[in-house]
Amino acid sequence: MAEQKGIRAKVQRFGSYLSGMIMPNIGAFIAWGIITALFIPDGWWPNEDLAALVDPMLYYLLPLLIGFTGGRMVYDLRGGVVGATATMGVIAGADIPMFLGAMVVGPLAGYLMKKIDQVLQHRIRQGFEMLYNNFSAGILAALLAIVALLGIGPLVGALNKALAAGVEVIVNAGLLPLANIIIEPAKILFLNNAINHGILSPIGADQASQFGKSILFLLEANPGPGLGILLAFMIFGKGASKSSASGAAIIQFFGGIHEIYFPYVLMKPALILAAIAGGVSGVFTFQLFDVGLRAPASPGSIFAVLAMTAQDSYVGVILGVLIAAAVSFAVAAIILKTGKATNDDLSEATSKMETMKGKKSSVAGSLNQATEEQVEEAAVESKQASDVDKIIFACDAGMGSSAMGASLLKNKFKKADIDIFVTNKAINEIPDDADIVVTHKDLTDRAKAKVPAAEHISVENFLNSPRYDELVERLKK
């Protein structure tokens with residue numbers, strides 16, 4: 001059992017790493033999607049001059065951003081610069097968008113730069129640091145760009161084409177809906193990032209560049225299956241699960257935070273069949289109407305999905321979402337009505353979900369507002385107001401959980417008239433000058449290793465922690 005948990009944790013970490021290269025750049029993907037939707041010849045407002053932005057953004061901007069982000073994740077800005085330069089090699093060495101190539105050479109470049117500095121940097125004589133820093137990075141970047149051009153680019157290009165050909169065969173055979181047999185359980189197990197951001201989004205972007213849209217962007221982002229399950233709980237659920245389902249449905253469908261319905265499925269594992277049935281029926285409808293999105297929809301909100309929908313795909317996309325919701329609702333209703341009557345414990349299922357995820361879920365706090373009773377003591381020393389200039393909330397990606405926690409603390413500080421900088425970061429990007437770091441208790445050890453000099457505060461629930469009020473009272477004094 002421990003071995004399975006270890007494997008799952010490694011895959012989750014790998015998926016988190018992949019999404020860490022893509023997610024910070026989703027805004028650029030959406031910008032490219034908007035320009036494509038508006039100005040290409042079959043767009044809403046065709047404009048040849050503005051459409052000239054489409055290919056450079058696709059072939060250069062997006063891969064370079066991914067390569068820079070991958071290198072930066074490994075070795076800060078120095079790794080990012082070398083990663084972006086090396087990415088130019090794979091771009092020049094292939095005739096397709098090099099998203100996968102950037103995801104390979106970016107982190108590789110950052111890693112090699114880090115290792116070279118570990119060996120040589122401490123040997124550099126005083127006064128020659130800048131000379132070493134500039135030339136070591138420049139020489140490595142030039143060598144990697146050449147290697148990427150001659151070797152990695154063609155290799156990754158061939159792999160990308162093979163994956164795209166495989167997807168095309170699956171689509172032509174009408175088997176694409178079966179992908180949800182894997183995708184829906186993967187979402188519940190938090191393994192979807194490895195599938196979605198590692199394979200579907202890069203190949204989908206390549207398809208969108210050729211055909212103006214891709215159905216692959218809809219496989220994981222479809223909010224229909226989760227909505228159907230939550231609607232079933234609104235009608236046929238009991239106790240806390242029924243009373244909380246309506247709020248969860250709003251967050252899931254309109255906010256795009258799919259993880260909020262995961263505890264409901266974990267509470268009754270048979271509901272995974274409802275998620276799979278909804279996902280399969282939705283993708284079948286998408287395929288039947290030949291629809292697609294122009295760029296990734298992130299988060300998986302109905303608003304994001306419709307914003308990225310291709311001009312000729314609105315009817316099919318809306319029908320696909322509605323049919324997915326209807327099918328998952330029907331299957332979930334049968335399971336809830338025919339299942340054995342049990343005292344469903346939503347808070348226990350939420351805890352189980354967060355254990356599988358490896359960190360606290362921000363939105364799950366709206367399902368369970370229970371006060372923390374036992375929190376791991378993480379801080380060795382409590383800092384006073386005069387010692388605190390920067391407070392960092394940190395989670396794996398530095399977006400969902402930490403962003404909501406930081407926002408909550410900012411509001412408490414504002415009401416208490418406390419002027420201290422508060423922001424959120426990915427745990428790998430916590431700045432060295434952070435005075436207080438707030439993390440879920442399962443991530444505190446990683447945060448301590450990153451910035452051992454900071455005060456570390458562990459919380460059980462990012463949205464409802466008594467630690468916030470304790471911190472406010474301490475810093476007011």
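## Overall make-up

The protein chain folds into 19 helices and 4 strands, where helices (H or I, at least four residues) and strands (E, at least two) are DSSP runs numbered from the N terminus. This is a predicted model, in which local features need pLDDT of at least 70 and side-chain atom pairs count only at pLDDT 80 or more, while totals for chains, interfaces and linings use all residues. Residues are numbered from 1 along each chain as its sequence is written, and side-chain values use heavy atoms, with hydrogens and water left out.

Of the 477 residues of the protein chain, 51% count as buried; buried means under 20% relative accessible area, exposed means over 50%, and partly exposed lies in between (1.4 Å probe, protein chains only). A contact here means heavy atoms within 4.5 Å. Among contacts between residues at least 6 apart in sequence, 73% join residues at least 24 apart.

## Helix 6 and its two partners

Two packed helices are described by the angle between their axes and the distance between the axes. Axes are lines fitted to C-alpha atoms, for helices over the stretch in contact, and angles run from 0 to 180 degrees between N-to-C directions. Angles under 35 degrees count as roughly parallel, over 145 as roughly antiparallel, 65 to 115 as roughly perpendicular and the rest as oblique. A crossing is left-handed if the near helix is turned anticlockwise from the far one by less than a right angle, and right-handed if clockwise.

Let's start with helix 4 (residues 54-92) and helix 6 (residues 129-172), whose axes come within 7 Å and cross at roughly 25°. That angle makes helix 4 roughly parallel to helix 6, and the crossing is right-handed. Helix 4 contributes residues including Arg78, Val82 and Thr85, and helix 6 contributes, among others, Tyr132, Asn133 and Ser136. Sorted by class, this contact has 13 nonpolar, 5 polar and 1 charged residues. For these classes, Ala, Val, Leu, Ile, Met, Phe, Trp, Tyr, Cys and Pro count as nonpolar, Asp, Glu, Lys and Arg as charged, and the others, Gly among them, as polar. Helix 4 also holds Asp76, a residue other than glycine with a positive phi near 55°.

Helix 5 (residues 99-120) meets helix 6 too: their axes come within 9 Å and cross at roughly 150°. Helix 5 and helix 6 are therefore roughly antiparallel to each other, again with a right-handed crossing. Among the residues in this contact are Leu100, Gly101 and Asp117 of helix 5, together with Val156, Asn160 and Leu163 of helix 6. The contact has 16 nonpolar, 3 polar and 1 charged residues.

## Helix 13 against helix 15

The axes of helix 13 (residues 272-288) and helix 15 come within 7 Å and cross at roughly 155°. Helix 13 is thus roughly antiparallel to helix 15, and passes it in a right-handed crossing. Residues such as Leu273, Ala274 and Phe286 in helix 13 meet a set in helix 15 that includes Gly316, Val317 and Ala332.

## Aromatic pairs

A pair of aromatic rings is described by the distance of the centres and the angle of the planes. Rings of Phe, Tyr and Trp (its six-membered ring) pair if their centres lie within 6.5 Å; planes under 30 degrees apart count as stacked, over 60 as edge-to-face and the rest as tilted. By this rule the count comes to 7 aromatic pairs. In one of them, the rings of Trp44 and Tyr314 have centres 6.3 Å apart and planes at 55°, so the pair is tilted. The two residues are 270 apart in the chain, with Trp44 in the loop between helix 2 (26-39) and helix 3 (48-51) and Tyr314 in helix 15 (residues 314-338). Trp44 is partly exposed at 41% relative accessibility, and Tyr314 is partly exposed at 28%.

Elsewhere, ring pairs link Phe253, Phe254 and Phe303 into a cluster.

## Two residues to look up

Is Asn180 buried or exposed? Asn180 is buried, with a relative accessible area of 0%. Asn180 lies in helix 7 (residues 180-188). Leaving aside neighbours within four places in sequence, Asn180 is in contact with Pro185, Leu219, Ile276, Gly279, Val280 and Val283.

Asp417 is exposed, with a relative accessible area of 73%. Asp417 is found in the loop between helix 17 (400-415) and strand 2 (421-426), and has a positive phi of about 60° although it is not a glycine. Asp417 and Val472 are 55 residues apart in sequence and 9.8 Å apart in space, C-alpha to C-alpha.
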